[in-house]
Amino acid sequence: MCGIVGYVGARDAADVLMDGLSRLEYRGYDSAGIAVFENGQVRVAKSKGRLADLEEKMKQEGKPAGHSGIGHTRWATHGEPSDRNSHPHAGGSVTIVHNGIIENYKKLKEFLLSKGKTFLSDTDTEVVAQLLGYYYELTPGNPVDAIIRTMKELEGSYALGVMFADFPDMVYALRKESPLIVGIGEGESFIASDVTAILQYTRNYYLLEPGEIAVLTKAEAKVYDIHYQKIEKELKTADWDVSAAEKGGYPHFMIKEIHEQPVSIKTTITPRITDGMPDLSECGITTESLNSFKAIHVVACGTAMHAGIVGKYVIEKLAKVPVNVDIASEFRYRDPLVGEGDLVIIISQSGETADSLAALRLAKSLGAKTLAIVNAKGSSIAREADMLIYTHAGPEIAVASTKAYMVQIAVMYLFAFELALAKGKIDEAECRRLTSLLEETPAQIEKILAHHEMTQKIADSLITADSLLYIGRGLDYALSMEGSLKLKEISYIHSESYAAGELKHGTISLITENMPVIAVATQTALFDKTISNIKEVKARGAKVILISRDDYTPDQDVADFQFCLPQFEDLLMPMLAVVPLQLIAYYTAVHKGTDVDKPRNLAKSVTVE
Ligand code: M6R
């Protein structure tokens, strides 16, 4: 939530900041702003709305000109989206941008009001700016001292970019919880919430740890701890290049990312397969450790939680080990029955989701072993878990997750195969067969992507719908949860996913003439039963969209549209069937004209509860 950038160097700072923000806009897009040192003075430009609104404003009012500055794109928490509440915020001679939430801002504000400070916005961020300004007035000429004093007072989460008017060619940064990296270029330094913001300029960066302070000049970036002791940081190199964070000729990131799924699967699973067998030893997972777990819990949010549900079905089917799947925001507050000997798997694309991170910490404090399945390298969840499997999806920019989900379930399959083998529930030959089928999924998905025209026709038939249902049984039900979330978050059409057999216990009363029902029927053992449920809704007027395999030709009274998937192993069908569901959601949103990559009210990285 919220993206921040900072720059010191020889380039036009406003251009670098705007470019960086354009790559961070997925983190929030309620307002945007920059502050640049222009002839030794801080000049701010900010605007409610998207980055494009800020660009427009700067065209009319002039762009701040200089070579150092900070920038922000906002997902509003304290105070409505408005020019007034947009970052940067100032306090005396200090100007800041902030990602995170200051939990004790009210108490700090009262203190600052008692010292005669006045406030221009409703934000928690302005309180930090004023506090920094207050401490700087007490120790003028010593910015780090003001920062350290302020850090000692702040409760909550923050990544901050800071400018002191007395130090025009410098940017300061500090963090607790919220992510921040420091980019190191040739004669230039950067800060950013995410490395994608600076890839165009450099791939070298430091990961700023909680409690650390960075001091940037164009020559170098120094990092200190809270006692003002210099820290030697390990320089990291991003393995993504700038093209990974660009649309590459596609109209939206979402469709680009849907098409990247075959490659993402390969790059994620190939390093974890040795001689045709799953091999997660590099992540700390061994036969011995797998056999020692008493219970398995999967905890995550949104799409990542849906990947956990597919994982539950697969693990229980193959390894015969019970798996609990929890929504992280529920898990953390319901005194979960988790303890020593349990494995808690946290799934997260960003690795920064506040509830998932809190769930991880809770699981550790209860004595459980934790395994993180994370896409963002060096993120908090990745660093704090006992064991770690990185998914290698590359940067996922569209707010609606697609390729991250795909690789999350691919990892869950590998894990399930290895667990089932360790538990003696499948033999080596079966494990090898399943692993080789998993390796075939990219080619199967390529086939679906090459012939997906039907998804556009289906999307056309959905744009006037107010509400629709997704139904399925078993793995098809698990999968349809993700299909339903995809559609509602980007097309704004209400939808729910339902276990097909559960409809007649209440929900079937919603069916009226022409209400769309997307039925997923890929599981051989459940096929006839799902078809019976489809006939029940069809008989009550539903418009049925059937996602099934190409060896099934439905009777005329079953489906209005059918999307055919290649014939494949039942267990792995979710990896194929999710693709038309993603495409249907995508084209419905495109045909409705919504903002596909940045749907309303959402942000990619949810770092608040
Ligand atoms: O970064 P995470 O995977 O932890 O994010 C969890 C959810 O916010 C996320 O999966 C969200 O549901 C999707 N972006 C929706 O498409």
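Modeller: A charge sits over a ring if NZ of Lys or CZ of Arg is within 6 Å of the ring centre and within 35 degrees of the ring normal. In this predicted model, the charged end of R600 sits over the ring of Y492, 3.8 Å from its centre. K377 lies over the face of Y390, at 5.1 Å from the ring centre. Because the model is predicted, local features need pLDDT of at least 70 and side-chain atom pairs count only at pLDDT 80 or more, while totals for chains, interfaces and linings use all residues. Residues are numbered from 1 along each chain as its sequence is written, and side-chain values use heavy atoms, with hydrogens and water left out.

Biologist: How many aromatic pairs does the count give?

Modeller: A pair of aromatic rings is described by the distance of the centres and the angle of the planes. Rings of Phe, Tyr and Trp (its six-membered ring) pair if their centres lie within 6.5 Å; planes under 30 degrees apart count as stacked, over 60 as edge-to-face and the rest as tilted. The count here comes to 10 aromatic pairs. One of them joins F111 and Y134: the ring centres are 5.3 Å apart and the planes stand at 90°, so this pair is edge-to-face.

Biologist: Where in the chain do F111 and Y134 lie?

Modeller: Helices (H or I, at least four residues) and strands (E, at least two) are DSSP runs, numbered from the N terminus. F111 is in helix α3 (residues 105-114) and Y134 in helix α4, and the pair links distant parts of the chain, 23 residues apart.

Biologist: Is Y134 buried or exposed?

Modeller: Buried means under 20% relative accessible area, exposed over 50%, partly exposed in between (1.4 Å probe, protein chains only). Y134 is buried, with a relative accessible area of 14%. F111, at 31% relative accessibility, counts as partly exposed. Another pair, F527 with Y552, is also edge-to-face, with 4.5 Å centre to centre and 75° between the planes. F527 lies in helix α17 (residues 527-538) and Y552 in the loop between β26 (543-549) and β27 (561-565), so the pair ties together parts that are 25 residues apart in sequence. Both F527 and Y552 are buried.

Biologist: Which residues do ring pairs link into a cluster?

Modeller: The cluster consists of Y7, F190 and Y201. These residues return when we reach the cavities.

Biologist: How many disulfides are there?

Modeller: A disulfide is a covalent bond between the sulfur atoms of two cysteines. The rule asks for a pair of cysteine sulfur atoms within 2.5 Å. Here the count is 0 disulfides. For C283, the closest cysteine sulfur is in C431, 15 Å away, too far for a bond. C283 counts as buried at 5% relative accessibility, whereas C564 counts as partly exposed at 36%.

Biologist: How many cavities are counted?

Modeller: On a 1 Å grid over the protein atoms alone, a cavity is a set of points where a 1.4 Å probe fits but cannot get out, and a pocket is an open set with protein on both sides within 12 Å along at least five of seven lines; lining residues have an atom within 4 Å of a point. Grid points are joined across faces, edges and corners, and a volume is the space filled by probe spheres set on the points. The model has 2 cavities of 30 Å³ or more. The largest cavity holds about 90 Å³ of space. Its lining has 15 residues, and the closest to its centre are C2, W75, T77, H87 and G100. The elements that give two or more residues to this lining are β6 (94-102) and α4 (124-138), and β6 gives the most, with 3 residues.

Biologist: Which residues line the second largest cavity?

Modeller: The lining of the second largest cavity includes Y7, F190 and Y201, along with V5, G6 and others. The volume of this cavity is about 50 Å³.

Biologist: What is the volume of the largest pocket?

Modeller: The largest pocket contains about 600 Å³ of space. Of its 26 lining residues, C301, G302, T303, K604 and V606 are the closest to its centre. Helix α9 (302-319) is among the elements that give two or more residues to this lining, and α9 gives the most, with 5 residues. The second largest pocket has about 460 Å³ of space. It is lined by 31 residues, and those closest to its centre are D194, V195, W240, A376 and K377. K377 is also the residue that lies over the face of Y390.
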